[in-house]
Amino acid sequence: MPESSVRPGQLCCVMVSKWWYRVIIHRVINDQEVEVFCADYGNLEIVQKSCLRFLKWCYLKLPAQAIPCSLAWVKPVEGTWSNAATLLFRKLCGSNLLVGLVDEYVNGILHLFLCDTSTKEDVYFHCVLRDEGYADDCKENVPSQGFMELNPLALYVQPSGQQENAELVEPDLHLQQESLDADGETAASKLDGDEL
């Protein structure tokens with residue numbers, strides 16, 4: 001990718017361990033590295049700029065598969081989730097298949113109840129966190145403070161009318177096409193006016 005395209009908000013892809021991932025550049029760290037948000041998995045990674053590639057046109061239109069989620073009806077006792085609460089949550093997730101019951105979808109965040117049904121008695125995560133003293137009950141869904149501090153998906157893919165202090169950066173498709181043509185490759189299809 002040309003240096004001018006390596007900027008926050010640029011949708012592109014990167015190869016990690018022989019697999020290609022769709023990513024959104026979150027921030028430029030230095031001359032060689034960028035932090036990227038994996039749009040289909042929800043994690044942040046640091047990668048080499050030299051590993052970034054433009055996406056094929058057909059993959060630009062696919063919606064992101066990572067959906068910001070929050071446990072319904074609980075909030076952390078300390079304002080943010082403690083390390084102990086996070087460890088307990090990860091332990092509860094384990095390797096079991098979980099049942100998720102959607103309570104509501106508000107402002108791009110899915111609020112749901114998580115339940116482990118693999119034991120004789122169902123285990124609801126919000127109840128365990130509350131009973132262990134890590135969470136307080138609340139009858140309204142409060143997004144985690146982490147979504148306020150860092151939610152690359154919301155920063156870069158929400159309609160501009162819903163953003164606060166963030167500017168939607170659409171991929172420079174003209175520059176991308178020129179780069180493909182310069183490399184002797186042709187685009188699989190032309191942009192047909194659909195928005196990302």
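This report walks through the fold, the cores and a few individual residues of the structure above.

## Ground rules and overview

The model is a predicted one, so to speak of local features a pLDDT of at least 70 is needed, side-chain atom pairs count only at pLDDT 80 or more, and totals for chains, interfaces and linings use all residues. Residues are numbered from 1 along each chain as its sequence is written, and side-chain values use heavy atoms, with hydrogens and water left out.

The chain's secondary structure comes to six helices and eleven strands; these are DSSP runs, helices being H or I of at least four residues and strands E of at least two, numbered from the N terminus. Of the 196 residues in the chain, 34% are buried. Here buried means under 20% relative accessible area, exposed over 50%, and partly exposed in between, with a 1.4 Å probe and protein chains only. The accessible surface of the chain is about 12,600 Å², and carbon and sulfur atoms hold 51% of that surface; the areas come from the Shrake-Rupley method with a 1.4 Å probe, and for residues only the protein chains shown count as cover.

Let us start with helix α2, residues 83–93, where Ala85, Leu88 and Leu92 are buried. Down the axis of α2, these buried residues fall within an arc of 60°, so they line one face of the helix. The arc is taken from the directions from the helix axis to the C-beta atoms. Asn83, Leu87, Arg90 and Lys91 are exposed on the other side of α2.

What do the buried residues of α2 pack against? Their partners are β8 (98–106), β9 (109–116), β10 (123–124) and α3 (125–131). After α2 comes Gly94, with a positive phi near 45°.

## The nonpolar cores

A nonpolar core is a set of buried Ala, Val, Leu, Ile, Met, Phe, Trp, Tyr and Cys residues joined through side-chain atoms within 4.5 Å. The largest one has twelve residues: Leu71, Val74, Ala85, Leu88, Leu92, Leu110, Leu112, Leu114, Phe125, Val128, Leu129 and Ala135. At least two residues of this core come from each of α2, β9 and α3. Apart from it lies another core, of ten residues, and Val6, Cys12, Val23 and Val34 are among them.

Leu112, a member of the largest core, has contacts with Cys69, Ser70, Leu71, Ala72, Gly100, Leu101, Val102 and Asp103, leaving aside its neighbours within four places in sequence.

## Aromatic pairs

The structure holds three aromatic pairs. Rings of Phe, Tyr and Trp (its six-membered ring) pair if their centres lie within 6.5 Å; planes under 30 degrees apart count as stacked, over 60 as edge-to-face, and the rest as tilted. One of the pairs is Trp73 with Phe113, edge-to-face at 5.3 Å centre to centre and 80° between the planes. Trp73 sits in the loop between β6 (69–71) and β7 (74–76) and Phe113 in strand β9, so the pair ties together parts that are 40 residues apart in sequence. Trp73 is partly exposed, at 31% relative accessible area, whereas Phe113 is buried, at 11%.

Phe89 and Phe125 also form an edge-to-face pair, with 5.7 Å centre to centre and 85° between the planes. This pair links distant parts of the chain, Phe89 in helix α2 and Phe125 in helix α3, 36 residues apart. Phe89 counts as partly exposed at 27% relative accessibility, and Phe125 as buried at 0%.

## Residues worth a click

Glu35 lies in strand β3, residues 33–38. Is Glu35 buried or exposed? With a relative accessible area of 12%, Glu35 is buried. Its side chain makes a polar contact with the side chain of Arg27 at 2.6 Å. Such a contact is a pair of N or O atoms within 3.5 Å; within protein, one must be able to donate a hydrogen and the other to accept it, and residues adjacent in sequence count only if both atoms are side-chain atoms. Not counting residues up to four places away in sequence, Glu35 touches Ile24, Ile25, His26, Arg27, Ile29, Leu44, Glu45 and Ile46.

Cys138 is found in the loop between β11 (135–137) and α4 (145–149), and is buried with a relative accessible area of 12%. Beyond residues up to four places away in sequence, Cys138 touches Trp73, Val74 and Lys75. The C-alpha atoms of Cys138 and Lys75 are separated by 6.9 Å, although these residues are 63 apart along the chain.

Finally, two backbone angles: Trp73 has a positive phi near 65° in a residue other than glycine, and Ser17 has a positive phi near 50°. Ser17 lies in the loop between β1 (11–16) and β2 (19–28) and counts as exposed at 63% relative accessibility.

Terms used. Contact = heavy atoms within 4.5 Å.
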